[in-house]
Amino acid sequence: MSIFHALKGITTLRRLAVLIALPIWLGGGFAQADPAASPTEQYRAYLIEQISQTLESAKRLRERAAAHDVDGAKKAWIAARVGWEKAEVFISGFVSDLDENIDAWPNALNGFHAIEARLFGANSADVAGATDQLIYHLTDLDIKIRQIPLNSQGLLNGAARLAYEVGESKADGGESRYSGTSLDDMRNNVSGIQLVYKTIFASPLESSDPKLAKNTEYSLQQLASLLSSSDPKSLEPGKVRTASEELIVALQDAAPKIGLRKPTLEDITQ
């Protein structure tokens with residue numbers, strides 16, 4: 001029986017409530033990109049989904065820690081990292097101030113890595129205060145993602161900055177050393193760059209300069225390939241750094257082709 005056939009026989013008010021809820025039921029509880037929406041709004045739907053997942057995992061982390069379930073808290077911490085790392089293009093380009101409260105490292109006094117040190121380093125579930133703060137700031141991020149006007153320039157700057165972080169700041173060992181998930185962090189970063197490139201920039205660049213579009217796609221694939229190893233010890237930092245630099249140059253070269261300003265050194269490293 002179809003959902004619409006099932007609506008027969010219930011009141012108009014209840015039918016309206018069901019129809020309003022349908023996108024949530026069918027979409028698994030997360031925002032779904034509208035194919036008719038602008039590329040930036042399609043990308044926003046992706047961001048909402050990723051940070052919603054991160055926030056839910058952070059709440060599960062708090063629950064598991066309160067129950068003194070260290071292993072469960074560790075799993076929730078790892079799950080929370082995925083959406084965060086994929087969304088860092090937006091975070092780098094629009095709300096970099098929140099990064100200090102959520103993901104500061106290596107000298108982390110709060111956020112993910114303060115919790116990581118206790119959970120994975122000390123094997124302790126005594127993370128209630130830090131987890132409450134993390135949830136507070138992730139909730140703020142969730143609100144900002146839904147409200148902040150997005151623009152292609154900020155997203156391009158964020159993509160270039162994140163590529164720089166992967167090559168220059170993370171390639172020598174990564175940020176999540178206690179948990180051993182540094183490679184996953186980097187892979188999810190690159191996945192986030194690929195998503196914003198394909199959603200926002202690929203089509204106009206292919207129309208403007210097909211050769212440069214092909215080179216940019218190759219640079220993305222090359223960086224992703226270098227991070228595909230299952231063993232962090234086999235990671236070659238020099239090659240990762242070179243690939244990230246090549247990607248940054250490709251993004252800079254693409255900017256004027258699609259009507260944007262080239263990301264400057266200050267845009268990339270700040």
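Helices here are DSSP runs of H or I with at least four residues, strands are DSSP runs of E with at least two, and both are numbered from the N terminus. This is a predicted model, where local features need pLDDT of at least 70 and side-chain atom pairs count only at pLDDT 80 or more, while totals for chains, interfaces and linings use all residues. Residues are numbered from 1 along each chain as its sequence is written, and side-chain values use heavy atoms, with hydrogens and water left out.

**View 1**
The chain has 13 helices and 0 strands. Buried residues make up 47% of its 270 residues; "buried" means under 20% relative accessible area, "exposed" means over 50%, and "partly exposed" is in between (1.4 Å probe, protein chains only). Now for contacts, which means heavy atoms within 4.5 Å. Among contacts between residues at least 6 apart in sequence, 71% join residues at least 24 apart.

Leu150 lies in the loop between α8 and α9 (152-170). Is Leu150 buried or exposed? With a relative accessibility of 14%, Leu150 counts as buried. Leaving out residues up to four places away in sequence, Leu150 touches Thr40, Tyr43, Arg44, Phe90 and Phe94. Leu150 and Glu41 sit 109 residues apart in sequence, yet their C-alpha atoms are 7.9 Å apart in space.

**View 1. The largest nonpolar core and Phe201.**
A nonpolar core is a set of buried Ala, Val, Leu, Ile, Met, Phe, Trp, Tyr and Cys residues joined through side-chain atoms within 4.5 Å. The largest one has 68 residues, and those touching the most other members are Tyr43, Phe90, Leu119, Leu141 and Phe201. Which helix gives the most to this core? That's helix α10 (residues 182-208), with 10 residues. Zoom in on Phe201 and you'll find contacts with Ser152, Leu155, Leu156, Val196, Ile258 and Leu260, not counting residues up to four places away in sequence.

Helix α4 covers residues 70-86. The expected span of a helix is 1.5 Å times one less than its number of residues, so the 17 residues of α4 should span 24 Å, and the end C-alpha atoms, 25 Å apart, agree with that. In α4, 12 of the 17 residues are buried, among them Trp77, Trp84, Arg81 and Lys86.

**View 2. Where α4 meets α10.**
Two packed helices are described by the angle between their axes and the distance between the axes. Axes are lines fitted to C-alpha atoms, for helices over the stretch in contact, and the angles run from 0 to 180 degrees between N-to-C directions. For α4 and α10, the angle is about 40° and the axes are 7 Å apart. That makes α4 oblique to α10, because angles under 35 degrees count as roughly parallel, over 145 as roughly antiparallel, 65 to 115 as roughly perpendicular, and the rest as oblique. Arg81, Val82, Glu85 and Lys86 of α4 make the contact with Asp185, Asn188, Asn189, Ser191 and Gly192 of α10. α4 passes α10 in a right-handed crossing; a crossing is right-handed if the near helix is turned clockwise from the far one by less than a right angle, and left-handed if anticlockwise.

**View 3. Where α10 meets α12.**
α10 and α12 pack at an angle of about 30°, with 11 Å between their axes. That makes α10 roughly parallel to α12, and their crossing is left-handed. From α10, Met186, Ile193, Leu205 and Ser208 meet Val240, Leu247, Ala254 and Lys257 of α12. Helix α12 (residues 237-257) has 21 residues and reaches 31 Å from its first C-alpha to its last, close to the 30 Å expected. Just after α12, Gly259 takes a positive phi of about 80°.

Check out His68, in the loop between α3 (39-66) and α4. His68 has a phi near 60°, a positive value in a residue other than glycine, and is exposed, with a relative accessible area of 67%. Asn123 is found in the loop between α7 (111-121) and α8 (128-147). Its phi is near 55°, again positive in a residue other than glycine, and at 46% relative accessibility Asn123 counts as partly exposed.
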